[in-house]
Amino acid sequence: MLQPFRELVFATNNAHKLFEVQHLLGDSFKLLSLQDINLIEEIPEDYDTLEKNALQKAWHIYNRTNRSCFADDTGLEVEALDGRPGVYSARYGGEHRNSKDNIIKLLNELQGVNNRKARFRTVIALILDGKDFLFEGIVNGKIVDSERGVDGFGYDPVFQPDGYAITFAEMAIDQKNQISHRARAVNCLVDFLRKH
């Protein structure tokens, strides 16, 4: 039950992400943030795909700490916008990475657009004993007309998953964690760790 890997570094300082993922993992092992290991430098994200960015971040941490680690990259892919914002989701409204600005830009671009189909996609890159592995999680849904709910983060107030009448930001964390893109990717990661 994950005995050899009781400690994993998650390449993030995002408290919301850390909380969500630790909640998913339970007490199977301890999740360490970049702050926990005193790595305060900016982690590069120079590529144009989620897969390459996740791998770049994970290898960056592994090469500096020699610790088993994983990194994720997540994008909101909107069908009517040809998959945008995608890999640029975090800084869609500008380099300062403000969620409110990102949502405003997205809703402005979708004004008058009937096709609201979208999906969240998370890719996790795990580095274990010097080898890398990729895991993916996808949740389909649509972009609603205006923000709803106060929980979650990022685009959660405007993303309504298929089969639900509420946005991610209106869901309790337990409910969101049952269906979210990150939950699905992390569950694949956990299944892998249990077998290795």
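Which residues touch the most other members of the largest nonpolar core? Of its 19 residues, they are Leu76, Val78, Leu106, Ile143, Tyr155, Val158 and Phe159. The model is predicted, so local features need pLDDT of at least 70 and side-chain atom pairs count only at pLDDT 80 or more, while totals for chains, interfaces and linings use all residues. Residues are numbered from 1 along each chain as its sequence is written, and side-chain values use heavy atoms, with hydrogens and water left out.

**Nonpolar cores**
- A nonpolar core is a set of buried Ala, Val, Leu, Ile, Met, Phe, Trp, Tyr and Cys residues joined through side-chain atoms within 4.5 Å, where buried means under 20% relative accessible area (1.4 Å probe, protein chains only).

**Contacts of Phe159**
- Leaving aside neighbours within four places in sequence, Phe159 is in contact (heavy atoms within 4.5 Å) with residues including Leu76, Phe120, Ile143 and Phe168.

**Lining of the largest pocket**
- Among the lining residues, which have an atom within 4 Å of a pocket point, those closest to the pocket's centre are Asn14, Lys17, Glu45, Ala90 and Arg97, out of 32.
- S3, H3 and helix H5 (181–195) each supply at least two lining residues, and S3 gives the most, with five.

How values were computed: Buried means under 20% relative accessible area, exposed over 50%, partly exposed in between (1.4 Å probe, protein chains only). On a 1 Å grid over the protein atoms alone, a cavity is a set of points where a 1.4 Å probe fits but cannot get out, and a pocket is an open set with protein on both sides within 12 Å along at least five of seven lines; lining residues have an atom within 4 Å of a point. Helices (H or I, at least four residues) and strands (E, at least two) are DSSP runs, numbered from the N terminus.
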